Amino acid sequence: ITVNIGKSYNTRQTLGFKPKPIPLYVGQGVCEFEFNEEKGNHFRYLIIYDAYEKPSSNQGYYLYIPKAEFGNELKPEVIYVNLLNVSYKE
């Protein structure tokens, strides 16, 4: 699996006097993960997926990214993952 990971610039809430949260983007080949926790030498990002079959069974998917990946920059609060290529050997 080959992916492209980058900082998401989408806003997390609507503008106005009563801002409402905007869910993380999930689309064909692209999804967003939100910062969840800092661990030893990596950052953990999370996306909650609400399964269509069982709406009450939210599943979380984690993505671990080494701190070295961001260098001296601040960690992004939201990142995107773009699926570029999937290949397998039979």
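**A conversation about the model**

Guide: The side chains of Glu-32 and Asn-10 make a polar contact at 2.9 Å. A polar contact is a pair of N or O atoms within 3.5 Å; within protein, one must be able to donate a hydrogen and the other to accept it, and residues adjacent in sequence count only if both atoms are side-chain atoms. This is a predicted model, in which local features need pLDDT of at least 70 and side-chain atom pairs count only at pLDDT 80 or more, while totals for chains, interfaces and linings use all residues. Residues are numbered from 1 along each chain as its sequence is written, and side-chain values use heavy atoms, with hydrogens and water left out.

Visitor: Is Glu-32 buried or exposed?

Guide: Glu-32 has a relative accessible area of 3%, so it counts as buried. Buried means under 20% relative accessible area, exposed over 50%, and partly exposed in between, with a 1.4 Å probe and protein chains only.

Visitor: Which backbone nitrogen lies 2.8 Å from a polar atom of the Glu-32 side chain?

Guide: That of Tyr-25. Beyond neighbours within four places in sequence, the contacts of Glu-32 include Ser-8, Arg-12, Leu-24 and Tyr-80; contact means heavy atoms within 4.5 Å.

Visitor: Which strand holds Glu-32?

Guide: Glu-32 belongs to strand S3, residues 30-39. Strands (E, at least two residues) and helices (H or I, at least four) are DSSP runs, numbered from the N terminus.

Visitor: How does S3 pair with S6?

Guide: S3 and S6 are antiparallel, with five bridges; two strands pair if DSSP finds at least two bridges between them. Phe-33 is opposite Ile-79 in S6, and Glu-34 is opposite Val-78 in S6. S6 also pairs with strand S1 (residues 2-7), in the antiparallel sense, over six bridges. There, Val-3 faces Leu-83 of S6.

Visitor: And what joins S2 to S3?

Guide: Two bridges join S2 (residues 26-27) to S3, and these strands run antiparallel. Gly-27 is opposite Val-30 in S3. Their hairpin has two residues between the strands, and Gly-29 there takes a positive phi near 85°.

Visitor: Changing topic: which residues make up the largest nonpolar core?

Guide: The eight residues are Phe-33, Phe-43, Tyr-45, Ile-47, Ile-65, Phe-70, Ile-79 and Val-81. A nonpolar core is a set of buried Ala, Val, Leu, Ile, Met, Phe, Trp, Tyr and Cys residues joined through side-chain atoms within 4.5 Å. Strands S4 (42-50) and S6 (78-85) each supply at least two residues of this core, and S4 gives the most, three.

Visitor: Which residues line the largest pocket?

Guide: Its lining includes Pro-23, Val-26, Glu-34, Phe-35 and Ile-47. S3 and S4 each supply at least two of the lining residues. A pocket is an open set of points on a 1 Å grid over the protein atoms alone, where a 1.4 Å probe fits, with protein on both sides within 12 Å along at least five of seven lines; lining residues have an atom within 4 Å of a point.

Visitor: Is Val-26 buried or exposed?

Guide: Val-26 is at 54% relative accessibility and therefore counts as exposed. Val-26 lies in S2 and touches Cys-31 and Ile-47, not counting residues up to four places away in sequence.
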